[in-house]
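Trainee: I have a model open and some time to go through it. Can we take it piece by piece?

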Amino acid sequence: MLRKILKGLGALVGLIILGVVGLVGYVNHKVGKTYDVPLPNIQRATSPEALARGEMIYHSICAECHAPAGETQAMGAPLLDYPPELGTFHSANITSDPVAGVGNMKDEEIARMIIYSINREGKARLMPAFYGMSDEDVAAVIGYMRSDRPEFAPSPKKAPPSEPAFGGKAVMALVAGIRSEPRASVKAPPKGPSVEYGKYLAVGVYDCVMCHTVGFGSSDTKLKDPGLFAGGFEFDLKAYGGQGFMYSPNITPHETQGIGKWNLEQFKLSLTQGVTPDGYILRKPMPRYRYLDDVEIAAMFAYLKGVPAVATPKVAHEAVPRPKADKAADPEKLFSSLGCSYCHGPNGQFRDRLKQAMGKQPEDVAKWIRNPESFKPGTQMPTFATLLDETQALDLAKWVQAKNGTP
């Protein structure tokens, strides 16, 4: 009997070892191989309308990764949103520099990078593959990148290579969803406040599916999940200078857990200013979509209102409470309750940016706190005008200056 048990355990251990070896081999093969994907027949668009469209898409989903903290030039930057256990990652220099950037790349090579996340050498990168983005929108982004905007002025700074650990390679292979099969030409639905156009934006352009649906899989896989958009995707706050875990919110029309009771204006406030109708601050990695126009916001709202209302799945860890402004709090507590410490605290990505408040009139700093987008269009800082009156913002500005920009 004991011999049978030991034999069975030995077989089980052997299967586990074979499985691990197989997984390691699969991941290393998929990440390390060269992908021979044909170049898409997509060239830059040059019309004023296309460049405006490209600017909107670039600043909504590209600039945050490709521009260093506090900068605008797309010279590449450390990607701090990934836990250190996954390795170290760095975005590419996409300025017009012919050596360090994309100045000598063909339009078609940039199009392949956007659609498949495959670089000029045919290697996969840890970058979302915009497989569902229309040819027209890809051309608009390339046109904007080829424009004479200062974001793409040549920078000779060579981006350091990413060095993923095995966990990072597994994310690239299994989660990011490396795509190598050539796609057919993609055409977006007509622009309008329709469900069809909203689905195209939420799925094909902004990829809301990935973060707002639980599980480790590609967006294509998650689109078939019964918990689509129900939230619960786990984020380790260590990647953002904090401790503990947070979870993506439910954006289905669920009445109590989702956005079922929101109206269009409240959805717009949340999407563009980073503040929910209840006064909660949306934390990173949720972007501020300040460049979206009213038609696009209405379309996405119409689409999300039409998906099945699903309850949020159970989470693995106790979630760190979401920041919410306490209007009766003193400036130090406001700094904490507003979530400022996530970006400007000792371990925050923008910890040094507060020093720029030194030497300025506190009234000007207060105006920045309430309406940062009026000073820097497209900034990822939330708009606090709905949460702080002028007196509170001024008190907070004076407190930051009293701390010499290092609270």
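Trainee: Which residues does Asn-119 touch, not counting residues up to four places away in sequence?

Mentor: Asn-119 touches Arg-112, Met-113 and Arg-125. Contact means heavy atoms within 4.5 Å. Keep in mind that this is a predicted model, where local features need pLDDT of at least 70 and side-chain atom pairs count only at pLDDT 80 or more, while totals for chains, interfaces and linings use all residues. Residues are numbered from 1 along each chain as its sequence is written, and side-chain values use heavy atoms, with hydrogens and water left out.

Trainee: Where is Asn-119 found?

Mentor: In the loop between α4 (107-116) and α5 (135-145). Helices (H or I, at least four residues) and strands (E, at least two) are DSSP runs, numbered from the N terminus.

Trainee: Is Asn-119 buried or exposed?

Mentor: Asn-119 counts as buried, because its relative accessibility is 16%. Buried means under 20% relative accessible area, exposed means over 50%, and partly exposed is in between, with a 1.4 Å probe and protein chains only.

Trainee: What lies 3.0 Å from a polar atom of its side chain?

Mentor: The backbone nitrogen of Glu-121 lies at that distance from the side chain of Asn-119.

Trainee: What about Ser-117, where is that?

Mentor: Ser-117 is also in the loop between α4 and α5. Its relative accessible area is 3%, so Ser-117 is buried. Its phi is positive, near 60°, and Ser-117 is not a glycine.

Trainee: New topic. How do α2 and α5 cross?

Mentor: The axes of α2 (residues 48-61) and α5 come within 7 Å and cross at roughly 90°. Axes are lines fitted to C-alpha atoms, for helices over the stretch in contact, and angles run from 0 to 180 degrees between N-to-C directions. The two helices α2 and α5 are therefore roughly perpendicular. Angles of 65 to 115 degrees count as roughly perpendicular, under 35 as roughly parallel, over 145 as roughly antiparallel, and the rest as oblique.

Trainee: Which residues meet there?

Mentor: From α2, the residues are Ala-50, Leu-51, Arg-53, Gly-54, Glu-55, Ile-57, Tyr-58 and His-59. From α5 they are Asp-137, Ala-140, Val-141, Gly-143 and Tyr-144. By class, this contact of α2 with α5 has 7 nonpolar, 3 polar and 3 charged residues. Ala, Val, Leu, Ile, Met, Phe, Trp, Tyr, Cys and Pro count as nonpolar, Asp, Glu, Lys and Arg as charged, and the others, Gly among them, as polar.

Trainee: How many residues has the largest nonpolar core?

Mentor: It has 57 residues, and those with the most contacts inside it are Ile-61, Met-133, Tyr-206, Phe-229 and Met-300. A nonpolar core is a set of buried Ala, Val, Leu, Ile, Met, Phe, Trp, Tyr and Cys residues joined through side-chain atoms within 4.5 Å. The largest share of this core, 7 residues, comes from α5.

Trainee: And what does Ile-61 touch?

Mentor: Leaving out residues up to four places away in sequence, Ile-61 touches Phe-130, Met-133, Val-205, Tyr-206 and Tyr-289.

Trainee: Last one: where is Pro-253 found?

Mentor: Pro-253 is in the loop between β4 (245-247) and α10 (264-273). Pro-253 is buried, with a relative accessible area of 15%. Pro-253 and Ala-309 are 56 residues apart in sequence, but their C-alpha atoms are 4.9 Å apart in space.

Notes:
Polar contact = N/O pair within 3.5 Å; in protein donor to acceptor, adjacent residues only side chain to side chain.
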